[in-house]
Amino acid sequence: MTLMKLRLGLLEDDLAFRFKVSQSLVSETVSTWLRFFAKELDWLIMWPSKGQVMLELPDSFRRLYPKVRCVIDCSEVFTETPSALDIQAALWSEYKHHCTIKFLVAITANGAPSYVSPCYVGRATDKFIVRDCGFLNFVEPYDQIMADRGFKIREELLLRHSALCIPPSTSAGMQMAAAEVKETSRIANVRIYVEQAIGRLKQFRILKNILPVSYLTLCDDSQSCVFTYSFKRPTVSMKDNWLAS
């Protein structure tokens, strides 16, 4: 029942009909097993050592970005619009123009997930999530973290003697130099790994469809279970900070 909820995103009344049980029993069962999966499979997601990352580094990274420890990005999941205006304002995402929850994903160069953060409200910025979720505690000196232009975390990484690798930025109306265009293309070509990894997550319709308000307290457990079955490796346990901003 829980796996069908994760993979197909079926409604609770649909599951109740299929399993010939009450809708309240479906809700209780799914909630219980989501928490159980997240707790028991938590150990499978791990931050690999620098030596392990270097050993499995693809040729495209080895030639151009040999010090990249991981590629990071934030993913957003649509939620129902809550009736409370303060919660609605917290969940509103200017980027998606919808109420969402966000979480940070870190992928190693060979495409394996190495970190996933707890869920945050849609208005939380990428920089805030990186600073608050604890990801920076894993960064070691001389690491290189690859991201897109939205991650303004260069200073935070410098404090840990590491570097940020992002596409070059230009002022409004200014044309990129040839070298900057080439660098942007190189980063885009290797960042496709994290985009594909997030795409595998969205094959699970519980994250692809609009998440009901009643599931907001289970959002961390839900994405943990999806990580388990999309990558065969899960994520960190639930943290009650979905209203942090």
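**View 1. I72 faces A106 across a strand pair in this predicted model.** I72 stands opposite A106, a residue of strand β3. The strands paired here are β1 (residues 68-78) and β3. They run antiparallel and are joined by 8 bridges.

**View 2. A106 also has a bridge partner in β4.** Y115 in β4 is the bridge partner of A106.

**View 3. The hairpin of β2 and β3 has 4 residues between its strands.** H97 takes a positive phi near 55° in this hairpin. Strand β2 (residues 92-93) is antiparallel to β3, with 2 bridges between them. S93 has H98 of β3 as its bridge partner.

View 4. Strand β5 spans residues 120-121. It pairs with β3 in the antiparallel sense over 2 bridges.

**View 5. Strand β3 (residues 98-107) is largely enclosed by the rest of the structure.** The reason lies in burial: 10 of the 10 residues of β3 are buried. Buried here means under 20% relative accessible area. H98, T100, K102, L104 and A106 point one way from the strand. C99, I101, F103, V105 and I107 point the other way. Both sets are buried, K102 and H98 included.

Note on methods: Residues numbered from 1 in each chain as written. Predicted model: local features only at pLDDT ≥ 70, side-chain atom pairs only at ≥ 80, totals over all residues. Heavy atoms only, no water. Buried < 20%, exposed > 50% of the residue type's maximum accessible area, 1.4 Å probe, protein only. Pairing = 2+ DSSP bridges.
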